[in-house]
Amino acid sequence: MDIVVPEQNPNEALEHPLVRALLASCFDGVIVVDATNRTILRANSQAETLLGYRTGEVLGCKCDEALQTSLCKRNCPLESCNKADNTTRELKILSKSGDIHRSISARSRMILVRNPQGEPV
């Protein structure tokens, strides 16, 4: 499943009312990553709870630095996102609680935000 918005760049797309509403109302943790350079552009409050980081702590960070999972090094989900294969992955991530990090099981699902021409934004 992809989301299509008229905006041409990721920051404008994140301000689209549909995208903002999805981020705010989603019960799951959502992390928005720029697929080109793999930096975190946004995270909702549920993602903050899951990861143990405030959004400001991870904005601009590489997604593998925030998630700290070996899957990113072996089989990056973003690389396969634009292909027809399954974009749902089971993974272990490190969640921060104060100064303690603990491994938790999670499921990631990649959804592309595209412009009307079908290109990822």
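Q: In what sense do strand 2 and strand 3 pair?
A: Strand 2 (residues 31–33) pairs with strand 3 in the antiparallel sense, over 3 bridges. Strands here are DSSP runs of E with at least two residues, helices are runs of H or I with at least four, and both are numbered from the N terminus. Two strands pair if DSSP finds at least two bridges between them.

Q: What is the model, and how are residues numbered?
A: This is a predicted model, in which local features need pLDDT of at least 70, side-chain atom pairs count only at pLDDT 80 or more, and totals for chains, interfaces and linings use all residues. Residues are numbered from 1 along each chain as its sequence is written, and side-chain values use heavy atoms, leaving out hydrogens and water.

Q: Where is confidence highest, and where lowest?
A: Strand 3 (residues 40–43) has the highest mean, 88, and strand 1 (residues 3–4) the lowest, 66. The value is pLDDT, the predictor's confidence in each residue from 0 to 100. For the protein chain the mean is 75, and 75% of residues reach 70 or more.

Q: Back to the hairpin: how many residues separate the strands?
A: There are 6 residues between strand 2 and strand 3, and Arg38 in the turn has a positive phi of about 60 degrees. Ile31 has Ala43 of strand 3 as its bridge partner.

Q: And Asn44, buried or exposed?
A: Asn44 counts as buried because its relative accessibility is 6%; buried means under 20% relative accessible area, exposed over 50%, and partly exposed in between (1.4 Å probe, protein chains only). Asn44 sits in the loop between strand 3 and helix 3 (45–51).

Q: What does the Asn44 side chain reach?
A: It reaches the backbone nitrogen of Val30 at 2.9 Å. Beyond neighbours within four places in sequence, the contacts of Asn44 (heavy atoms within 4.5 Å) include Leu23, Cys26 and Asp28.

Q: Changing topic, how many salt bridges are there?
A: The count is 3, taking a side-chain nitrogen of Lys or Arg within 4 Å of a carboxyl oxygen of Asp or Glu. Glu15, Arg20 and Arg42 are linked in a network. Glu15 meets Arg20 at 2.5 Å, N to O, and Arg42 with closest N and O atoms 2.2 Å apart.

Q: Why does the pair Glu15 and Arg42 tie together separate parts?
A: Glu15 lies in the loop between helix 1 (10–14) and helix 2 (17–25) and Arg42 in strand 3, so the pair ties together parts 27 residues apart in sequence.

Definitions and conventions:
A polar contact is a pair of N or O atoms within 3.5 Å; within protein, one must be able to donate a hydrogen and the other to accept it, and residues adjacent in sequence count only if both atoms are side-chain atoms.
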